[in-house]
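Hi everyone, thanks for coming along. Today I'd like to walk you through a structure, one piece at a time. Have a look at it, and then we'll start with the charged side chains.

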Amino acid sequence: MVASLEDLSFHYGNAKEPVLEIPQWSVQAGETVFLHGPSGCGKSTLLNLLAGILLPSSGAVDVLGERMSELSARQRDRWRARHIGVVFQQFNLIPYLSALENSKLAAHFGRTANSTDRAKGLLKALGINDALHRQPAAQLSIGQQQRVAVARALVNQPQLLLADEPTSALDTRNRDAFMALLLEQVMRNNTALIFVSHDLSLRDRFSRVEALEDINRAHPH
Amino acid sequence: MFLRLALSSLRSRKGSVLLTFLAVAVSVFVLLGVEQIRHQAKSSFGNTVSGIDLIVGARTGDVNLLLYSVFRLGNATNNISWHSYKHIAADPNIAWTIPISLGDSHKGYRVMGTTADYFTHFRFGQNKLLELAEGAVFFNLFDVVLGSDVARSLGYQLGDNLVLAHGLGSTSFSQHEDTPFRVTGILKPTGTPVDQTLHVSLEGIEAMHIGFEGGIQLPGGPAVTDEIEPGDLTPKTITAFMVGLKSKLATFRLQRQINSYQHEPLLAILPGVTLAQLWQMMAVMENSLRLVSALVLLASLLGLAAMLLASIRERQREIVVMRAIGASPWFLLGLVEAEALLVTLGGTTLAMLLLVLTTTLSSALLAEQFGLFVEVGLPTAHSMGALLAVVIAALGIGLVPGIAAYRCALHQQLA
């Protein structure tokens with residue numbers, strides 16, 4: 001089991017209404033989960049809980065055998081660096097570092113040795129040719145940036161990859177190429193993927209499709 | 001990794017970073033420059049006279065005696081008799097004495113009557129003797145040896161004749177016109193009041209005052225040089241005298257002896273001690289200079305903090321990415337501090353280079369024009385302390401944007 005939620009409840013600060021209330025939900029190793037739902041329904045909150053940025057108000061979030069609420073903030077940061085990959089909708093990279101340096105920075109936090117070779121291999125596999133490796137990330141096209149983000153997210157060979165609408169800034173052609181490369185890499189690394197999107201046309205590519213409204217009992221609005 | 005990241009980050013914001021860097025460089029330059037000048041002023045002040053164990057004059061204040069005998073500032077309250085001088089100079093502990101006689105001037109510059117011993121015993125700076133740039137020490141009655149400033153600003157050459165004025169005003173109505181002096185020597189610059197002094201023999205002073213006994217020239221009796229007989233020229237009084245001892249151990253005993261001299265009220269001072277007292281009086285000015293330079297530095301460091309704080313806002317996205325790949329909020333605080341440190345170290349290095357460059361380029365000019373001897377601005381132990389304080393202050397002020405980055409990192413969610 002990669003991740004499991006148990007009687008999870010989460011609300012922000014002093015708000016009385018919870019954003020999330022999930023009695024039971026889990027993801028198995030190697031699964032690719034497509035999670036959809038309208039915006040504002042708590043998808044990002046869920047990802048932040050799974051990444052250990054947020055802690056549940058009550059209940060348990062277990063990821064890769066660790067109970068998030070039992071780790072210190074510092075331990076969670078280190079654990080996230082080592083075991084979790086994250087790809088956002090846009091602006092995934094440190095703009096003033098090159099594609100290669102972005103990957104190596106992630107490897108630095110994840111304490112992965114010999115990161116240069118692995119980063120180069122991933123960039124190549126994701127269709128970023130050598131000439132682009134040393135360019136500042138800000139100079140790459142959005143499609144290229146998203147692919148570098150995947151390389152960056154996978155450089156530490158994480159067991160879980162969280163993707164938050166990574167294709168919404170891409171046009172159809174770029175999107176399809178991106179999806180193919182992403183799923184290929186996830187498969188090759190045997191990484192579980194939780195992919196959040198409201199683009200339902202992508203659903204067929206995943207091993208499991210979930211609507212957040214179905215698993216979340218709280219209905220924030 | 002850490003420093004490389006900080007450097008890349010700074011490079012990506014070249015414009016604002018460069019301006020802040022220059023502001024820090026200028027303010028550190030001011031700070032170091034003030035330290036340098038302060039240090040130089042103090043040491044050149046303390047170096048005005050050296051190798052002299054006691055200065056003896058008529059009884060007055062310590063500082064006053066020092067001011068008129070060494071700095072040629074103000075007037076002697078009273079003279080001392082030649083007899084007392086001779087009596088004290090005969091003490092077996094005394095190696096040598098230099099009598100000096102002040103009271104006349106030339107175009108605003110003081111004239112000092114002394115003996116040729118002055119040029120062999122008077123020392124300044126690190127025990128340096130006076131040196132002649134050209135010519136020779138006075139030999140004849142109406143020879144004069146000029147300090148370097150006097151020669152330069154009045155444009156005198158060897159062999160020129162000049163007339164000394166009675167009294168100290170720059171426009172005296174009473175000139176010793178009958179007894180012109182001839183320039184026989186010009187001294188090298190020393191950076192001390194010696195540069196502003198005209199040196200003549202004690203006998204020369206006596207000779208030109210013949211006929212001036214009442215303070216003004218008496219009509220009908222002009223002194224003709226050939227009529228003067230050597231025996232008449234022993235001075236009756238002198239202004240003060242400097243003493244060199246055979247052994248320093250006798251200093252305090254002799255000082256007490258002179259201060260309690262029976263026949264005339266005298267005062268003996270230790271020039272080093274009195275110089276230090278005098279410098280103490282200038283501590284206010286010294287401290288206000290330091291305060292101003294510290295405030296200039298503070299202003300530039302606040303500018304640095306403001307620049308970094310403004311950058312945190314435009315770097316929120318970057319902070320989210322850092323958090324996603326596992327950077328702790330502490331890492332971001334450290335990153336901002338590293339940037340503050342790099343700008344400060346860079347600015348400090350530039351400031352030190354500027355200081356070395358400006359002091360090297362200007363030292364010749366300053367020595368020539370102002371008699372100011374500036375050493376090349378290599379960092380001293382003291383300025384290193386100041387630089388350390390700069391770095392610590394930068395890190396302290398860098399906490400403001402650093403904590404902003406920390407808080408941003410702590411509260412920002414991945415999205």
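Across all chains, this structure holds 20 salt bridges. Please keep in mind that we are looking at a predicted model. I'll pick out a few of those pairs, and then we'll move on to other parts.

Let's begin in chain A. Here A:D62 pairs with A:R67 in a salt bridge, and their closest N and O atoms are 2.8 Å apart. Are the two partners buried or exposed, or something in between? With a relative accessible area of 17%, A:D62 is buried, because buried means under 20%. A:R67 has 35% relative accessibility, so A:R67 counts as partly exposed.

Now over to chain B, and to B:E286. This residue forms a salt bridge with B:R38, with 2.4 Å between the closest N and O atoms.

B:E131 makes a salt bridge with B:K188, and the closest N and O atoms are 3.4 Å apart. B:E131 lies in the loop between β6 (128-129) and β7 (132-135) of chain B, and B:K188 lies in the loop between β11 (181-187) and β12 (197-201) of chain B, so this bridge ties together parts that are 57 residues apart in sequence. B:E131 is partly exposed, at 46% relative accessibility. B:K188 is partly exposed as well, with a relative accessible area of 37%.

Salt bridges can also be joined up. Back in chain A, A:R175, A:D176, A:D199 and A:R205 are linked in a network of them.

While we are in chain A, let's look at a helix. The buried ones are A:K43, A:T45, A:L46, A:L47, A:N48, A:L49 and A:L50. Just after α1(A) comes A:G52, which takes a positive phi of about 80 degrees.

One more stop in chain A is A:S9, which is found in strand β1 (residues 3-10) of that chain. A:S9 counts as buried, at 14% relative accessibility. Which residues is A:S9 in contact with, if we leave aside its neighbours within four places in sequence? They are A:P18, A:L20, A:E21, A:P56, A:S57 and A:S58.

Let's finish by stepping back to see chain B as a whole. Its secondary structure comes to 13 helices and 15 strands. The radius of gyration of chain B is 31 Å, well over the 22 Å that the globule rule gives for 415 residues, so chain B is more spread out than a compact globule. Along its principal axes, the C-alpha trace of chain B spans about 110 × 45 × 30 Å.

What share of the 415 residues of chain B counts as buried? That share is 48%. Among contacts in chain B between residues at least 6 apart in sequence, 78% join residues at least 24 apart. As for its accessible surface, chain B has about 19,400 Å², and 64% of that belongs to carbon and sulfur atoms. Finally, chain B has 27 positive and 29 negative charges, whose mean positions are 20 Å apart.

Note on methods:
Residues numbered from 1 in each chain as written. Chains lettered and ligands numbered in written order. Predicted model: local features only at pLDDT ≥ 70, side-chain atom pairs only at ≥ 80, totals over all residues. Heavy atoms only, no water. Helix = DSSP H or I, 4+ residues; strand = E, 2+ residues; numbered from the N terminus. Rg over C-alpha atoms; globule rule 2.2 N^0.38 Å. Buried < 20%, exposed > 50% of the residue type's maximum accessible area, 1.4 Å probe, protein only. Contact = heavy atoms within 4.5 Å. Areas by Shrake-Rupley, 256 points an atom, 1.4 Å probe, with all protein chains shown as cover. Lys, Arg positive; Asp, Glu negative; His and termini not counted. Charge placed at Lys NZ, Arg CZ, Asp CG, Glu CD. Salt bridge = Lys/Arg side-chain N within 4 Å of Asp/Glu carboxyl O.
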